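Hi everyone, thanks for coming.

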Amino acid sequence: MRLPRRRVRGSSTSVVGAEALNLGYRIMDRVHEHRERAAREAGNEPVIVPFVGYGTTSWVRVLCRALYKTQLFTELTEMLTGNPRRTSAARGWRSFTSVPISEAPITVRIEGREFPVRADEGGVLDVRLPLVLAPGQHRVTLTMPGAEPTETTVYVVPDGQRIGVVCDVDDTVMVTALPRPLLAAWNSFVLSEHARMPTPGMPVLLERIHRAHPEAPIMYLSTGAWNVAPALRRFLSRNAYPEGTLLLTEWGPTRTRWFRSGAEHKVGSLRRLAEEFPDVRWILIGDDGQRDPDVYNGFALRYPDRVAAILIRNLTVGESVLASGRVWSDDRAKQIAAGSLWMEANDGASLSDKLGSAGLL
């Protein structure tokens, strides 16, 4: 079935066409167009991959992704697992064999109301809908032409909630050593889901925070692509992490740059959360192998009254070499982050003890 498209391209004489669209983006755009057309002509099944959303009592943010379930995707799953019904243990690279449906028309149904919306060019639907809802979880039904309806949930944060959690993923909830390009490729495309290891003590830390603040929104913030969201969600569930919203990013070049900025994605996501929840103070959890100390420190500078604690997991010497070749040792960040509680430790259990001593557990 051919789904309607509304792609708007800049002409060669326009400012947007001349300055904003770089070569890498145009190449990837053509590749996506070809793959989508081939999948459509082959009669591949469109599917919706749902993600957990969040909101307040006056709006909700709904997240999902529209894909073609290509024959290659199905065959690779069966080949790698040895069982067509068992799809949870395949290599990471199979997540990138599906074909996104550009600007897919999707209908969101929640509490008796319908909202016709569209995904972006990468097939990702990230939309904020005005809707009055009671606090707690609400079921959302997502439909698209030619696809089976699918369901997800949105968590509506109570108006009086004052604590929230933002947790990094790579080297914080799972050991990945992501910043080194070859290791990043290995972890993303080759490593089996079941071979990924949880960071010591971090499931305990997140679970203790969840028990102490059961109504707190939990955001798992990562520079990973939306392609790996289903695998990441299974990893979190399998290792007893509390359920939360995944805040991931697109994969590949953008209109203005060859490579996406992970730090920019995190800064933008934190800024959005600060604007959406002006009364919430956040427990920010990360590690010192990437840019988390800089990003969290910057957030504390801009929003000093929005930080309840900054928890930084110290990587081992071996992990820090694999991650970035440096160990975070700048005490200036701890001094600048005025009004926040800056805590560092080597594992989640030690961070949990420190958070408890600060009266937040």
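Through how many residues does a hairpin join β1 to β2? Through two residues. Before we go on, this is a predicted model, where local features need pLDDT of at least 70 and side-chain atom pairs count only at pLDDT 80 or more, while totals for chains, interfaces and linings use all residues. Residues are numbered from 1 along each chain as its sequence is written, and side-chain values use heavy atoms, with hydrogens and water left out.

Helices (H or I, at least four residues) and strands (E, at least two) are DSSP runs, numbered from the N terminus. Two strands pair if DSSP finds at least two bridges between them.

Strand β1, residues 45-56, pairs with β2 in the antiparallel sense over ten bridges, and Glu-45 stands opposite Lys-69 in β2. Strand β6, residues 124-130, also pairs with β2 in the antiparallel sense, over seven bridges; there Trp-59 stands opposite Pro-130. Strand β3, residues 99-100, runs antiparallel to β2 and is joined to it by two bridges, with Pro-100 as the partner of Leu-67.

So is β2 buried or exposed? Ten of the eleven residues of β2 (residues 59-69) are buried, so the rest of the structure largely encloses it. Buried here means under 20% relative accessible area, exposed means over 50%, and partly exposed lies in between, with a 1.4 Å probe and protein chains only.

Now let's turn to another sheet. Six strands form an open sheet with parallel pairing, in the order β13-β12-β9-β14-β15-β16. At the edges are β13 (245-249) and β16 (342-345), each pairing on one side only. Inside this sheet, β9 (residues 163-168) and β12 (residues 218-225) run parallel and share four bridges; Cys-167 in β9 has Tyr-220 in β12 as its bridge partner.

Last, a pair of helices. Helix α5 (residues 202-212) and helix α11 (residues 348-357) pack at an angle of about 30°, with their axes 7 Å apart. That makes α5 roughly parallel to α11. Axes are lines fitted to C-alpha atoms, for helices over the stretch in contact (heavy atoms within 4.5 Å). Angles run from 0 to 180 degrees between N-to-C directions; under 35 degrees counts as roughly parallel, over 145 as roughly antiparallel, 65 to 115 as roughly perpendicular and the rest as oblique. Among the residues that meet are Leu-205 and Ile-209 in α5 and Leu-351 and Leu-355 in α11.
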